Amino acid sequence: MGLFFLKRSMTLLATLVGASIVVFLVLEILPGNTAQILMGPDAAPDAVAALAAKLGLDRPAGLRYWDWVSGLLQGHMGDSHAYSSPVLDLVLERLALTVPLASMAMLITTVLALAAGVYAAAHHNRLGDVGVMGLAQVGIAIPNFWFAILLILLFSVQLRWFSAGGFPGWTEAAGGSPLAAVKALLLPAIALAVVQAAILARITRSAVLEVLREDFVRTARAKGLSQRAVLWGHVLRNAMIPIITVMGLQFANLLAGTIVVENVFYLPGLGRLIFQSIANRDLIVVRNCVLLLAAMVVVVNFAVDMLYALIDPRVKASDI
């Protein structure tokens, strides 16, 4: 297990280094001048040049990359040009919304997908199976931002059950409460969960159908166990390896995929911070946020690999 962990750790480190290089280079070739945008289109060229020198934008790209990476290793992300505050503070403030939103979406995804997938497998080639798989196909085809707009029109405009956007905060000092915060995140979480639940339901159905053909399932039924006990107590447990793998990948995608939905619901999360920073040409914020999202995806995939190896020793043995 130690060798497996070491190899996966080296892969994780190499991936993070590669991601940092790609993020830095992509942002370097974007058109526009940060100093010019901060000072306005009518600013004098000398003033723009002075601000660029103050921000370090006139230094070679290699030195700026090294300064950025060395700062990250020391826990310093730099200061935002547009917000005039440390990037780390901005990121931590926005993560307090984005991570709970992704977690809620993953919880909804898991509940819907497992229930739908097991039900479809239990009614294989019958009306229930066809209906669930048809709904899953529709769910995969629906863009989450379009579904988010439909949710707003129905539950906010027509029924007036939820707010159309905004976030009250987690504490009373911030003007909200835990219950109000969860309520504000419910519709965005559902919008994010629909596509993921549809995909996971199909994976669950396939995995459960494969396990249903095993000999131990027939033995369990011969012992007189009910279909519910066989499905949820024996079959699903043995079908969880591919399901857990997909769930880990989906959670990583949810962390990185909240940008559009956060803007639809006007949520002050990490995705909206990236969107606003791109508009302000605040590249130091964009660079750190994008790398953070990439790192979160890589770390989640690493954790899935470790969990997968613990569940199925064959994976570890084949990799070593």
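The model is predicted: local features need pLDDT of at least 70 and side-chain atom pairs count only at pLDDT 80 or more, while totals for chains, interfaces and linings use all residues. Residues are numbered from 1 along each chain as its sequence is written, and side-chain values use heavy atoms, with hydrogens and water left out.

**Stop one: Asp 129 and Arg 205.** Select this pair and you will find their side chains joined in a salt bridge, 2.7 Å from N to O (a side-chain nitrogen of Lys or Arg within 4 Å of a carboxyl oxygen of Asp or Glu). The bridge connects distant parts of the chain, 76 residues apart: Asp 129 sits in helix α6 (residues 127-141) and Arg 205 in helix α8 (residues 178-212). Helices here are DSSP runs (H or I, at least four residues), numbered from the N terminus. Both Asp 129 and Arg 205 are buried, meaning under 20% relative accessible area with a 1.4 Å probe, protein chains only. A search of the whole structure finds 1 salt bridge.

**Stop two: Ser 20.** Move to helix α1 (residues 2-28), where Ser 20 lies. Is Ser 20 buried or exposed? It is buried, at 6% relative accessible area. Its side chain reaches the backbone oxygen of Val 17 at 2.6 Å. Leaving aside residues up to four places away in sequence, Ser 20 touches Tyr 65, Trp 68 and Leu 291 (heavy atoms within 4.5 Å).

Finally, select Phe 145, Trp 146, Ile 149, Leu 150, Leu 153, Val 157 and Val 260, a nonpolar surface patch with about 600 Å² of accessible area together. Patch members have over 30% relative accessible area and no salt bridge, with nonpolar side chains joined within 5 Å; areas come from the Shrake-Rupley method with a 1.4 Å probe. Helix α7 (residues 144-158) gives the most, with 6 residues.

Conventions. Helices (H or I, at least four residues) and strands (E, at least two) are DSSP runs, numbered from the N terminus. Buried means under 20% relative accessible area, exposed over 50%, partly exposed in between (1.4 Å probe, protein chains only). A polar contact is a pair of N or O atoms within 3.5 Å; within protein, one must be able to donate a hydrogen and the other to accept it, and residues adjacent in sequence count only if both atoms are side-chain atoms. Patches are made of residues with over 30% relative accessible area and no salt bridge: like charges are joined within 9 Å, nonpolar side chains (Val, Leu, Ile, Met, Phe, Trp, Tyr) within 5 Å.
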